[in-house]
Amino acid sequence: MEASPPRRKQRLSSPDPAAEAAAPSLDSLPPEILEKIISCLHVRDAVRTCSLSRAWRRRWESTPGIRFFWDSSAAAAPPAAIDAVLARYACPVRDFCYWEIPEEAFARTDEWIPALAGKGVQSLTLRFREYLRVDIHTLHLAVFSCRELTHLTLHGCFVPTAPPSFAGFPKLTWLSLTMVGFHEHGERDLEAMIHMSPLLETLELKDIQILGDEFDEWVIQAPNLRHLSFEADEDYGLQIGELPSLDKAYVTIQEYSSVDRDFVKFLTRLAQVRVLEFRIPLADIDVLERLSCIHVLSRC
């Protein structure tokens, strides 16, 4: 039997440089499209794009709109990494959210808040993890310098006394404070935060605490407020001012600071709302019989 001739290996043709140049790539997209792609990524993934190529090494640093979101999951960034990311990011911060801040990161927020104030943060959410034997953290004073804020959500911390230079939050539309404490006479600071936020539309105050035994009357007054929620063990001297735009109000007060509390005056300020839930402890005087202007009312 004759041996078959050896097979020749097929020679692969070398790639055509012109064809390679014509192949589509991310870098061929317009800069605004690239920015849109990066801004839609989680901040962790946006930073990782620096490993794609030399051209992408610093691209994320100048991409506007990246949302800084961290939580308590195993994949959460260590505090030092957050420091580095904030230091390198060259654009204004649109959204910074840290959910369930652990104890070891409490003090680091004193570095983040001034940095965020300098970067014009627009939405700030800080939820501190609750511990039985750990002191509640007091925020850095620079929180009052975040004048670009439109949304502010705080949970499980103390708000410092406002400095005399505090000029309000001119763009704030959303303020939510849950289990947030104020130092003695802090009702005045809370009143100022609300009054000096002329665009405020939503106000949520839940389980707030104000230190001290005596409280001055303080007034919620906001011309554009549409949604009000107040739930607390005490009213801390709360009064309702002019709220011409209010649509929904939910008020729960376990104790009131004055035995001669005028709830008729209090509720008359809410007469124009479409939905009202009002909960107070049982009293000797039936407030409801004197409130012909209130149509939707809940009492327990």
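Figure 1. R48 and D45 both belong to helix α3 (residues 43–48) and stand three residues apart, about one turn of the helix. Helices (H or I, at least four residues) and strands (E, at least two) are DSSP runs, numbered from the N terminus. An α-helix has 3.6 residues a turn, so residues three or four places apart point the same way. By the stated rule, the count comes to 11 salt bridges. Residues are numbered from 1 along each chain as its sequence is written. Because the model is predicted, local features need pLDDT of at least 70 and side-chain atom pairs count only at pLDDT 80 or more, whereas totals for chains, interfaces and linings use all residues; side-chain values use heavy atoms, with hydrogens and water left out.

**Figure 2. Salt bridges between parts separated in sequence.** The side chains of E61 and R88 meet in a salt bridge at 2.5 Å, N to O. E61 lies in the loop between α3 and β1 (67–70) and R88 in helix α4 (residues 79–88), so the pair ties together parts that are 27 residues apart in sequence. E61 counts as buried at 5% relative accessibility, while R88 is partly exposed with a relative accessible area of 38%. Salt bridges with shared partners join R58, E61 and R88 into one network. A further salt bridge forms between the side chains of E100 and R127 at 2.8 Å, N to O. E100 is placed in strand β2 (residues 95–101) and R127 in strand β3, so this pair also ties together parts that are 27 residues apart in sequence.

Figure 3. Y89 lies in the loop between α4 and β2 and counts as buried at 1% relative accessibility. Between Y89 and S62, 27 residues apart in sequence, the C-alpha to C-alpha distance is 6.7 Å. Not counting residues up to four places away in sequence, Y89 touches W60, E61, T63, P64, G65, I66, F68 and K119, contact meaning heavy atoms within 4.5 Å. In α4 the buried residues are P79, I82, D83, V85 and L86. They pack against α3, β1, β2 and α5.

Figure 4. Residues up to four places away in sequence aside, L126 touches F96, Y98, I101, I113, L139, T153, L154 and H155. S123 lies in strand β3 (residues 123–128) and counts as buried at 16% relative accessibility. Leaving aside neighbours within four places in sequence, S123 is in contact with R94, D95, F96, L149 and H151.

**Figure 5. Parallel strand pairing.** Strand β13 (residues 248–255) runs parallel to β14 and is joined to it by five bridges; two strands pair if DSSP finds at least two bridges between them. T252 has R279 in β14 as its bridge partner. Strand β14 (residues 275–279) has a covered face, L276 and F278, and an uncovered one, V275, E277 and R279. Elsewhere, an open sheet of three strands has the order β5-β7-β9, with parallel pairing. Its edge strands, β5 (158–159) and β9 (209–210), each pair on one side only. Two bridges join β5 to the parallel strand β7 (residues 181–182), and the bridge partner of V159 in β7 is F182.

Conventions. Buried means under 20% relative accessible area, exposed over 50%, partly exposed in between (1.4 Å probe, protein chains only). A salt bridge is a side-chain nitrogen of Lys or Arg within 4 Å of a carboxyl oxygen of Asp or Glu.
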